[in-house]
Amino acid sequence: MVSSSSNRGEKLPTLKLTVVQYGILLMMLALAGGLWRLQVLGAQNYRQLAEENRVRKEPIMAPRGKLFDRENRLIVDNYPSVTCFLVREQNHHVDADLPLIAQGLNLDLDQLRATLRRYRTSPGYQPIPIKEDITADEQAFIAAHKNELPELETIDVERRLYPRDGFAAHLIGYVGEVSEEDLNNPRFAYYEPGDVVGKAGVEETYDALLRGQDGSRDVIVDSHGREVGYLRTQHAVPGQDLRLTIDNDIQRAAEMALGNAPGAVIVMDPRNGNILAMVSHPSYDPNEFAVKINRADWNKLITDPLHPLMNKAIQDQLAPGSTFKIIMSAAGLEEGVAQNMHVMCNGGADFYGRFFKCDHHHGMLDIHEAIPMSCDTFFYTLAQKLGIDTIAKYAIEFGLSQKTGIDLPNEMSGIMPSTQWELKNFHQRYYPGNTISVGIGQGETQVTPIQLLRALSGLASDGHFVRPRVVDPNNQPTPIPADFQQALLDSFPGSGDKTVPLRPDTWMTITDGMAAATTPGLYHTAEEAHLDGVDFAGKTGTAQVVGGGDTHTKGGAKTPNAWFVGMVPRRNPEMAIVVLQEHGDWGSGSAMIAQRVVIAYVNKQRRLENNVLQQAGTSKPVEVGAVWSDPVSSDPQPSGRKGAIARMATVHAGHFFLDQAPEKPGTETAAPKALASETSALPEWLSESLLRFKENHN
Amino acid sequence: MRRFLSFRDFDWALLGLVLILCVVSVLEIYSTTVHTRFASFESKQVLFIVAGMAGMFILAKVDYHRLLDWSPWAYGVFLVALVAVKVIGHRALGAKRWIAIGPVQFQPSEWVKLVLVLAVARYFANLGGRNLTWSEIFKAFGMVGIPMALVLIQPDLGTTLTYAPILVAGLFLGGISIRQAAILIACGSALIVGVWSSGKVLKPYQKARLTSFINPDNDPRGSGYQIRQSLIAVGDGGIWGKGQSKGSQTQGYFLPIPYTDFIFAAFSEEHGFVGALFVLLLYFFILMRLIQNAQTAADLPGALIIMGIVAVLTFQIAVNVGMVIGFMPVTGIPLPLMSYGGSSVLFTFLALGVAMNVRMRRFVN
């Protein structure tokens with residue numbers, strides 16, 4: 001029906017067809033050019049991109065270093081846990097999966113979205129931790145949804161396990177996810193979002209040692225994020241274990257002694273600054289921080305009026321009360337003023353037209369009585385004689401109003417008023433009348449327990465002031481790198497280690513006065529804390545709070561803070577202790593707490609010292625005589641020994657005290673121990689045979 | 001007429017080139033699907049090719065003048081089918097493109113291409129190659145525009161676009177003047193700008209697909225993802241390629257649908273610049289061979305039919321390969337003879353069958 005015949009013979013114009021041919025040729029050349037650009041010029045670049053596509057870095061978490069007490073007893077451990085990660089890389093529809101993920105992992109959807117938003121700027125290959133410490137149910141959910149939710153990955157991590165009851169919580173601190181704020185801080189330059197980092201206490205200070213080095217594994221994945229194989233593994237380097245200076249037994253005793261009252265107890269070895277115990281109450285359970293703490297718990301902790309998160313031992317700044325009289329005495333004696341001072345106490349005295357009260361009518365007294373009786377009138381008078389700037393000079397010399405430099409974060413520095421201080425902070429002249437209150441540790445003076453403890457320790461140790469520390473670099477399972485130690489000291493500046501030359505009578509008078517305080521006697525403030533046979537010295541403090549006056553309602557907000565500082569023995573002490581009870585009323589109460597800790601300390605010392613000899617009560621150590629020669633080779637086999645004796649001229653002889661095994665197994669274990677030897681070290685084979693000898697003897 | 005017809009005049013050289021391409025295609029489909037749940041797609045593809053060849057031979061037998069005579073009827077039938085798709089169609093992936101006739105899924109939009117080639121060839125042949133009037137031009141526009149509009153609302157942007165070159169080729173070879181062409185291009189540009197900015201005709205995802213090729217890095221996880229992965233795959237291939245079944249982009253499923261729309265990217269990754277150039281050359285020879293057939297065609301309608309087919313194939317190659325190497329937006333147009341898919345294979349072979357048909361009758365005069 002089409003008149004096909006009509007146009008039969010008509011042809012397409014050759015020109016147009018040629019145009020078409022050239023058009024196609026041009027197109028082909030353009031496409032070939034494009035291929036050239038990608039495959040020849042850009043090959044290297046695209047090969048790398050393909051590699052990045054294909055290979056995913058999967059972190060291998062380094063287990064954090066464990067914490068031990070000074071006797072190598074475990075305090076903070078790790079436990080295996082599973083963290084769920086989200087891998088964004090190859091998944092462009094993650095947003096759609098979020099409701100299902102939130103439901104399966106029991107997460108809040110908005111919170112999950114917020115988490116992802118936080119990681120928006122970080123590189124795509126980096127997995128996002130969305131839930132830590134997931135339960136078995138949640139693990140099952142992830143396994144069951146492997147195909148629908150390939151972006152979910154689980155990684156085994158080691159998680160912190162802290163003592164459950166808040167034991168030494170403030171000293172140990174806790175770990176948590178590094179915050180956005182921290183990441184902007186140069187100190188955290190090497191951290192990435194999601195990293196676990198020490199947030200307080202030793203965990204914070206020693207984070208660089210404890211954290212170790214996370215490893216990684218290059219995993220070959222497909223576009224769904226499914227693992228197809230592995231390329232190479234970089235193993236994690238576990239964090240370094242740390243031995244703390246605290247002693248579990250003393251820490252425990254201090255925790256118990258302080259009880260639930262808000263306050264702090266610190267026990268320190270004044271010879272080296274090792275903190276044997278550091279308690280701050282109320283405490284908290286650091287395990288709540290190990291997994292992300294929930295908002296309600298956090299709010300409860302930060303709004304609690306008793307400030308459970310605050311380490312009162314180094315952060316509480318309060319008037320020292322009468323404990324300041326130790327510093328006053330030192331200042332007075334050093335200045336040569338207090339030695340011959342006699343003051344009449346009639347329950348107080350008038351200064352600058354105002355009556356200043358004392359607790360008792362102490363009558364006529366000198367410094368030897370004023371310290372144990374804690375006579376305010378005496379120290380008012382002394383303060384007036386010295387003047388504020390002399391007092392401040394000594395107080396600052398002894399470390400007040402400065403950080404001690406303890407290796408714990410966020411130490412406070414306290415306040416020591418002086419004319420300069422007054423001028424600088426209030427732009428006015430110092431009113432001399434204020435000096436009188438300063439003389440008994442009231443007024444604007446504020447100290448932290450650790451400062452007070454360091455000052456007392458130094459005075460009792462003949463002016464050898466030490467820098468307190470919670471990690472002793474000389475007592476570590478693995479040595480602490482020197483540069484780390486140096487950086488640590490630099491980053492915690494403070495009054496540090498320092499020797500202040502003291503007059504001998506200063507040292508004697510103060511320590512004797514403090515020893516008298518804990519000895520029964522009229523008006524002796526801490527006589528109830530007396531311990532027979534223990535050279536326990538101390539000084540109480542009952543520091544009135546602002547607006548509190550002489551109120552003595554137990555536990556009320558206006559009740560005075562109760563202090564006690566003390567040491568055993570009185571001079572060159574082995575242990576010094578400070579007790580602070582916030583609103584604890586009389587300092588004599590704090591002295592009782594200190595007494596209980598001192599008892600625990602002394603008992604433990606006795607037990608340690610008597611580990612061997614004490615057994616003499618039931619069975620005396622056996623004296624053993626022996627003759628031996630050096631083995632020829634390192635081979636200590638008995639068979640080789642005979643030949644050795646024959647060949648060797650050197651024959652040793654010696655006597656050994658060998659204590660016997662404890663009567664009741666399971667109590668004190670005393671390893672066989674040579675007590676006295678006329679020669680040097682026991683050869684290995686000999687100690688072995690001694691062991692056998694001992695077994696036979698039983 | 002009959003006595004002159006012989007399969008000796010069949011274009012065996014063209015068929016040879018096509019079959020080489022088919023072998024390449026089957027091997028690459030095997031490579032891209034072997035480790036997936038789409039394994040054994042290559043054998044299905046072989047079946048499609050065999051069926052396509054059968055169709056090709058059958059269609060070659062029927063005189064293309066008869067086909068031209070039927071084309072108006074077919075045109076009408078398929079218009080109805082396209083409407084039917086919209087009304088009773090089977091919805092998949094957010095679009096209605098198929099209607100089910102018994103067990104067979106039927107996608108009329110592919111077939112419309114062939115019908116349009118014939119119908120347009122017939123239309124312009126009847127005009128006799130003289131200068132066109134505006135009304136004749138508009139009739140041609142209407143003829144192609146109506147099915148385009150029907151396919152666009154399915155929505156299937158890719159297939160819609162493949163109809164356009166049929167019209168362009170028809171107009172160009174059918175005798176449009178330079179002045180008319182210039183006016184049309186001007187109007188067309190204005191129309192495109194208008195359509196683009198009105199935001200009514202194109203869906204947002206279609207717009208996003210059309211623009212993301214310019215800078216896929218702007219949105220590497222969104223609409224630029226496919227382009228980006230495709231570029232990586234092609235570039236990863238380098239000069240010699242990573243080897244059959246060894247492309248990490250292809251085997252790791254980073255490359256989207258590597259057996260259909262992005263098969264050229266997969267092939268380029270595994271066989272490199274050399275392999276890709278080889279395929280482009282095959283296409284070039286096939287197209288040149290077809291144009292030669294158009295030159296030797298016995299009459300104007302025959303030549304127009306072949307040139308319509310050339311236009312469609314060229315357009316698809318340009319757009320698909322262009323898309324793979326980042327020159328063109330992602331439009332979902334398969335690469336003829338390479339991409340997996342029954343409709344595409346069948347159309348290509350039937351179109352080639354019609355071209356053979358014309359060639360076999362080149363001496364019938």
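Two strands are said to pair if DSSP finds at least two bridges between them. In this predicted model, strand S19 and strand S20 (residues 561-568) of chain A run antiparallel and are joined by seven bridges. Within this pair, Lys539(A) stands opposite Val565(A), a residue of S20(A). Both strands belong to an open sheet of five strands in chain A, with the order S12-S11-S21-S20-S19 and antiparallel pairing. The edges of the sheet are formed by strand S12 (274-281) and strand S19 (537-543) of chain A, each of which pairs on one side only. With direction ignored, neighbouring strands of the sheet are turned by 5° against each other on average.

Chain A also touches chain B: 38 residues of chain A are in contact with 50 residues of chain B. On the chain A side, helix H1 (14-41) and helix H2 (43-54) each supply at least two residues. H1(A) gives the most, with 16 residues. By residue type, the side of chain A that touches chain B divides into 18 nonpolar, 13 polar and seven charged residues.

Chain B contains 13 helices and three strands. Of its 365 residues, 53% count as buried. Among the contacts in chain B with a separation of 6 or more, 70% are between residues 24 or more positions apart. One of the helices, H11 (residues 263-295) of chain B, has 33 residues, yet its end C-alpha atoms are only 32 Å apart. A straight helix would reach 48 Å at 1.5 Å a residue. H11(B) has a kink of about 125°, centred on Gly272(B).

Notes: Residues are numbered from 1 along each chain as its sequence is written. Chains are lettered from A and ligands numbered from 1 in the order in which they are written. This is a predicted model: local features need pLDDT of at least 70, side-chain atom pairs count only at pLDDT 80 or more; totals for chains, interfaces and linings use all residues. Helices (H or I, at least four residues) and strands (E, at least two) are DSSP runs, numbered from the N terminus. A residue is buried if 20 or more other C-beta atoms lie within 10 Å of its own, exposed if 12 or fewer, and partly exposed in between; C-beta atoms are placed from the backbone. Two residues are in contact if their C-beta atoms, placed from the backbone, lie within 7 Å. Ala, Val, Leu, Ile, Met, Phe, Trp, Tyr, Cys and Pro count as nonpolar, Asp, Glu, Lys and Arg as charged, and the others, Gly among them, as polar. The expected span of a helix is 1.5 Å times one less than its number of residues. The bend at a residue is the angle between axes fitted to the seven residues ending there and the seven starting there. Axes are lines fitted to C-alpha atoms, for helices over the stretch in contact, and angles run from 0 to 180 degrees between N-to-C directions.
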